Amino acid sequence: MPAGQHRRTLTEMDTDEHRHTVRGLVDDPTLTYRQRVQALAIAAENTLDPPPVSEACAAAMDKRIVCDMREGHAPYRPRYTLPDYELAMRQGSAFLELAPPTTFDDATTFLLALYGNVPSITGHPVWFGDLDHLLTPFIDDLDDDELRARLRRFWVLLDRLFPDAFAHANLGPEDGRMVRAALAVHREVRQVVPNLTLRVQPRVTPDDLLLDAMRTVVAVAQPHLVNHPMMVADLGDRYGVVSCYNSLPVGGGAHTLVRLDLREVALLHHGSSERFITDTLAPQAELAAELIEARIRHLVEQARFFDHSWLVHEGLLRLDRLTAMFGVVGLAECVEHLCVLDGQPGRYGQDAHADALAQRIVAGLADIVHSRPMPYCEATGGHALLHSQAGLESDVGLTAGTRVRAGDEPDLYRHLLAVAPNHRHVPSGISDIVRLDPTVGGNLQAAVDIAKGALAAGMRDVTFEVAGGEFVRITGYLVRRSDLARIADEQTVRHSSSVLGAGSFTNAHLDGRTAQDVTRVRSHEFDGAGR
Amino acid sequence: MSSTALVADIVPASCVDGPGNRFVVFLQGCTFNCLACHNPQTIARAPRAGPADRRRVDDIVDEIAEVAPFLSGVTVSGGEATCQWHAVHELFQELARRPATRRLTRLVDTNGDADPIVWDALGPVMHGAMVDLKALDPTIHQFLTGRPNDRVLASIRQLDALHRLHEVRLLVIPSVNDSRDQMAATARWLGALTSQPDIAVQGFRSDGTRPAARAFRDARQDDLEVVVSRLVDGGLPRERIRVAGVTTSQHG
């Protein structure tokens, strides 16, 4: 958004500008009807003044040091909601006039009705729930063929009714007929919706299920893997993975996500990296926290979402299950700049001293975020949660979250061991992408080995991508290569996320991501990678 | 006091040298001089120049231990691994001894041209061997490798008896070692093994080979399918045959 717009009231000039924006949206030939309605709603919301913040905070937003993720000026629903679908299915819904389901078809119908009434920042649900847990009670009288046929219809509806790759379903960590059917259907329909996560727990998730997951990764670049014991330790056992890879409490979610651009913060710093955290990072982080607080207060106290939502009335969302997300981007660029200030140039992912500095910054920022009191965040100890934010489509030359820059990834082990120590500091989600060579399809156990090693090394989320495939992992969600081509050709595409994805793909040089050739990785072949 | 090994190359992550993700140590030196060898620089036992590196076995184990959580196991290949079987023995013994590496499977990728004493020594410290069988016919074998195959066949039988025969690999060079008769005889011979090892069918590819291999044609997928059907006709169960594709064979 243009500089200064945050604090001004709507002047006559702004009115003209607003009319111009609305006219542009009405006339835009590349938007579907639903995408147009969503964009018009944001335009209408943004005629209001944003929640008031200090001069310093507003200035940081103008300089894009702190970013409100274009959530809109008047937060009127939590950014991410994770309704307690299990409770809903047990008690039925008065609002939806639905009794508790008793058959598989009842259950999927019930869920689809619920999904259609779930608010979020995208206009679509960002979470479909723990689908294997939700549906397993209804599969006893279905044989495998019958189950797959019914699940396939459900899967098709998820994609066609909620065409947004941030809509995320969770599976595992236990094995079972339902999780196997879901993976099989997912391989078969080749959709970007739902985004998919498999929870993995040593000694609970069998290798054979991981092999099936990797078979699915090779086919359609999903599921993500999440370190279940680590998540349970941080968020309790009732958590969900939503949107890209954001882990949040079930029955609640995140009021808002504000992000801090570490590259911009580093540019404000003078002197050596020694005092970066206390002198420069801490005060800028406080500005981001101030914005989070202002937005939460608007949502809860002004828009009063928790007073009027039917999801709250039926106990499916509870204010005491909400938290907020403190996002961070540009760690790679931040570290590179500070290394120059230290007179010892280095790149995160390439040089040990840069890796160590990266870890120090992430740990320091986690301390700051997790000790700053935040209203209405009782679910997570009264503070926001640090999140490795996966990027915006408009980011140019800025590396997502705490990732190593695309193209700078060192050999497989060094890459994973360099990023793993950061994961424990980032409870609401952090993901590093491992791009595999397609030949790993001939030896899926090799991919399972790498996944297990990554989780054992302390990674929270592991995301695989197969080089050159039809499915491209943008930040935490997928787009199809064929859709990118259609967007470049100014055609309409069905998935709203694909429109965002096209910008990211071009601006973040994602095609340059280093494929980890696990056919045979010779370490010396990667010495010069990306330089 | 750790001994040393002459190492041609180390590949810390491989998905084509046995099951799962494997750390592969390629040892320098080979008893064969295969026309189709993809890494002819690894043949010389005492190379005057080249990339070979004398490494302490302990240091190699240190390197493996660091990345052990990402691995199914370790494969020693070559060159010909058994040329330095004392070092292989020590490497495997050390891997079995250390807690960080104990769970890793230990495999040898070999041309099979080794004395019985080698397998008697390695048998107790390894999980298995993957043996290349270049040709069952001694004349074709001599032509392809410069050596007879009696020791190779004896090695396969001995490993079979020791229950250490992980896999037999057939490198298919079209029109050279893939005739119907050859494949039928090979199937019968392999079928008589008691431990029923997996049979991997690999296609020859000319990358990296010397000029002498130019007379050979690269194997295509359909060449491999013909070989598989000939092996099945010869009595090998289809489910034991794995088509490893047209990837390079380390031993050529």
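**Overall build.** I began with burial: buried residues make up 54% of the 531 residues in chain A. I count a residue as buried if 20 or more other C-beta atoms lie within 10 Å of its own, as exposed if 12 or fewer do, and as partly exposed in between, with C-beta atoms placed from the backbone. This is a predicted model, in which local features need pLDDT of at least 70 and side-chain atom pairs count only at pLDDT 80 or more, while totals for chains, interfaces and linings use all residues. Residues are numbered from 1 along each chain as its sequence is written, and chains are lettered from A and ligands numbered from 1 in the order in which they are written.

I found 20 helices and 17 strands in chain A; these are DSSP runs numbered from the N terminus, helices being H or I of at least four residues and strands E of at least two. The radius of gyration of chain A, 22 Å, is close to the 24 Å that the globule rule gives for 531 residues, so the chain is as compact as a globular protein of that length. The radius is taken over C-alpha atoms, and the rule is 2.2 Å times the number of residues to the power 0.38. I read the span of the C-alpha trace along its principal axes as about 70 × 60 × 50 Å.

**Backbone spots.** Most residues other than glycine have a negative phi, and most peptide bonds are trans. I noted a cis bond from A:V193 to A:P194, with omega near 0°; A:P194 sits in the loop between helix 8 (177–189) and strand 5 (195–200). The bond from A:Q222 to A:P223 is also cis, with omega near 5°, and A:P223 is in the loop between helix 9 (207–220) and strand 6 (224–227).

A:M69 has a positive phi of about 60° and is partly exposed, with 16 other C-beta atoms within 10 Å. For A:R203 I have phi near 70°; A:R203 is exposed, with 6 other C-beta atoms within 10 Å, in the loop between strand 5 and helix 9.

**One helix pair.** Helix 15 (residues 331–341) and helix 16 (residues 352–370) of chain A pack at about 120° with axes 10 Å apart. I take axes as lines fitted to C-alpha atoms over the stretch in contact, with angles from 0 to 180 degrees between N-to-C directions. Among the residues that meet are A:L331 and A:C334 of helix 15, and A:A354 and A:L357 of helix 16; contact requires C-beta atoms, placed from the backbone, within 7 Å.

How values were computed. Two residues are in contact if their C-beta atoms, placed from the backbone, lie within 7 Å.
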